[in-house]
Amino acid sequence: MSIESKALRRIAPSATIAISAKARALKAAGRDVIALSAGEPDFDTPDNIKEAAIAAIRAGKTKYTDPDGMPELKAAICAKFARENGLTYTPAQVHVAPGGKPVIFNALMATLNPGDEVIIPAPYWVSYPDMVLLAGGEPVAVETTVETNFKLDPKALEAAITPRTRWLILNSPSNPTGGAYTRADLQAIADVLLRHPQVWVLTDDMYEHLVFDDFEFTTIAQVEPKLYDRTLTMNGVSKAYAMTGWRIGYAAGPVELIKAMGKMISQTTSNPSSISQWAAVEALNGTQDFIKPNAKLFQTRRDLVVSMLNQAAGIHCPTPEGAFYVYPSVAGLIGKTAPSGKVIETDEDFATELLESEGVAVVHGAAFGLSPYFRISYATSEAVLEDACGRIQRFCGNVK
Ligand SMILES: Cc1ncc(COP(=O)(O)O)c(C=O)c1O
């Protein structure tokens with residue numbers, strides 16, 4: 001009998017973490033492996049943020065804080081939402097947790113009853129459906145297409161809504177596609193939601209600052225103020241400030257929801273590290289000077305990767321508006337034979353064969369709920385990306 005609870009048996013381990021672990025193991029065994037599977041910036045946390053953390057340690061700011069975030073950080077988050085998103089929140093409307101992931105989990109755990117449905121546009125970030133399942137809900141994946149740059153079609157949304165729908169999860173710019181919603185896209189989705197007052201919106205804005213070609217980031221509570229009272233606007237410092245290891249995520253929304261999430265965190269993780277919270281205060285209140293140059297750097301990498309992948313036989317790679325991912329199609333390779341002699345039947349076969357024959361680790365589309373695609377994280381140097389894309393071109397050229 002499995003040691004796992006029924007709740008845990010509803011979910012699978014994170015595919016992206018599993019593939020990164022496999023790539024690390026192959027590397028440790030002496031293989032020449034390039035991992036394009038992990039979703040984290042390759043640069044270091046800026047010095048001003050590190051210094052704020054060191055100063056916090058020296059000043060003895062090493063005690064428990066309020067479970068869902070200390071007042072200084074909540075104030076910095078309110079200021080950030082006002083400054084960058086034109087959204088007014090009070091500290092009582094803010095929840096801070098050890099990363100964006102727990103923020104989402106706390107919201108779902110705090111609100112879902114068995115059978116409640118959560119609409120998730122596919123392809124989706126791997127953790128959404130599993131967190132919904134763990135919280136006792138039912139994920140309802142709504143597929144998108146490459147033609148709309150993987151954005152949710154309002155008609156498909158309307159068709160997926162039932163009386164049991166509790167949440168819609170939006171993620172823009174998206175992990176895994178990099179696709180981002182324009183103001184008009186969000187308005188069209190909001191227009192549908194206004195007809196269905198039982199549906200709340202959880203918008204995951206983690207990649208807000210990584211947008212390219214003058215794309216203007218907007219978030220749904222800003223676009224449609226009538227949804228403010230049923231939107232949880234979630235964000236974090238992990239991606240924008242290269243702080244993945246510090247574990248600070250946050251969200252703002254209606255007081256009643258934030259209270260429920262606070263109850264949840266008070267009996268589980270309690271507060272995120274006080275030192276990380278002080279670092280996050282500096283991230284949000286301090287200089288934002290490096291954000292734009294970083295986005296520019298990612299744009300250069302995106303252009304390189306998109307161009308090189310589109311020169312690989314059988315691959316079609318759309319140009320995303322943001323984040324640091326591309327989500328190319330491998331439809332042109334399905335049914336063909338890899339250099340090992342194995343027929344590529346699925347995108348998972350593609351990823352496995354690519355890793356075996358060229359040592360490039362990517363994540364297959366099935367893990368994100370839409371096939372036949374794969375995801376590349378291009379949060380690494382141009383030299384490494386050129387090498388990796390060159391290997392992918394060679395692999396595709398050898399597929400017959
Ligand atoms: C879309 C999205 N949301 C949330 C997270 C979680 O962020 P954190 O590392 O702060 O938990 C990630 C991280 O990969 C992500 O890609």
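**Note on cavities, helix packing and backbone features**

1. About 140 Å³ of space lies in the largest cavity. A cavity here is a set of points, on a 1 Å grid over the protein atoms alone, where a 1.4 Å probe fits but cannot get out. Grid points are joined across faces, edges and corners, and a volume is the space filled by probe spheres set on the points. The structure is a predicted model, in which local features need pLDDT of at least 70 and side-chain atom pairs count only at pLDDT 80 or more, while totals for chains, interfaces and linings use all residues. Residues are numbered from 1 along each chain as its sequence is written, and side-chain values use heavy atoms, with hydrogens and water left out.

2. The largest cavity is lined by 18 residues, of which P121, P123, N171, S174 and Y181 are the closest to its centre; a lining residue has an atom within 4 Å of a point. Strands β3 (117-122) and β5 (165-171) each supply at least two residues of this lining. Helices (H or I, at least four residues) and strands (E, at least two) are DSSP runs, numbered from the N terminus. By class, the lining of the largest cavity has eleven nonpolar, seven polar and no charged residues. Ala, Val, Leu, Ile, Met, Phe, Trp, Tyr, Cys and Pro count as nonpolar, Asp, Glu, Lys and Arg as charged, and the others, Gly among them, as polar. The count of cavities of 30 Å³ or more comes to three.

3. The largest pocket has a volume of about 860 Å³. A pocket is an open set of points with protein on both sides within 12 Å along at least five of seven lines. Of its 38 lining residues, A38, G39, E40, K239 and T244 are the closest to its centre. Two or more residues of the lining come from each of α2 (15-28), β1 (34-35), α5 (100-111) and β12 (374-377). The largest share, five residues, is that of α2. The lining of the largest pocket comprises 16 nonpolar, 13 polar and nine charged residues.

4. Helix α5 also packs with helix α10 (residues 255-266), at an angle of about 105 degrees and with the axes 9 Å apart. Axes are lines fitted to C-alpha atoms, for helices over the stretch in contact, and angles run from 0 to 180 degrees between N-to-C directions. The angle makes α5 roughly perpendicular to α10; angles under 35 degrees count as roughly parallel, over 145 as roughly antiparallel, 65 to 115 as roughly perpendicular and the rest as oblique. The contact (heavy atoms within 4.5 Å) involves V103, F105, N106, A107, M109, A110 and T111 of α5 and L257, A260, M261, M264 and I265 of α10. These residues divide into ten nonpolar, two polar and no charged.

5. Helix α12 (residues 291-310) and helix α14 (residues 382-398) pack at about 15 degrees, with their axes 9 Å apart. The two helices are therefore roughly parallel. On α12 the contact is made by T300, R301, L304, V305, M308 and L309, and on α14 by E382, L385, E386, C389, G390, I392 and Q393. Seven nonpolar, three polar and three charged residues make up this contact.

6. Helix α14 packs with helix α13 (residues 347-358) as well, at an angle of about 110 degrees and with the axes 10 Å apart. This places α13 roughly perpendicular to α14. F350, E353, L354, S357 and E358 of α13 meet R391, I392, R394 and F395 of α14. By class, the contact has four nonpolar, one polar and four charged residues.

7. The peptide bond from S172 to P173 is cis, with omega near -10 degrees, and P173 lies in the loop between β5 and α8 (183-194). The bond from S371 to P372 is cis, with omega near -5 degrees; P372 is found in the loop between β11 (363-364) and β12. F150 has a positive phi of about 65 degrees although it is not a glycine, and its place is in the loop between β4 (138-143) and α7 (154-160).
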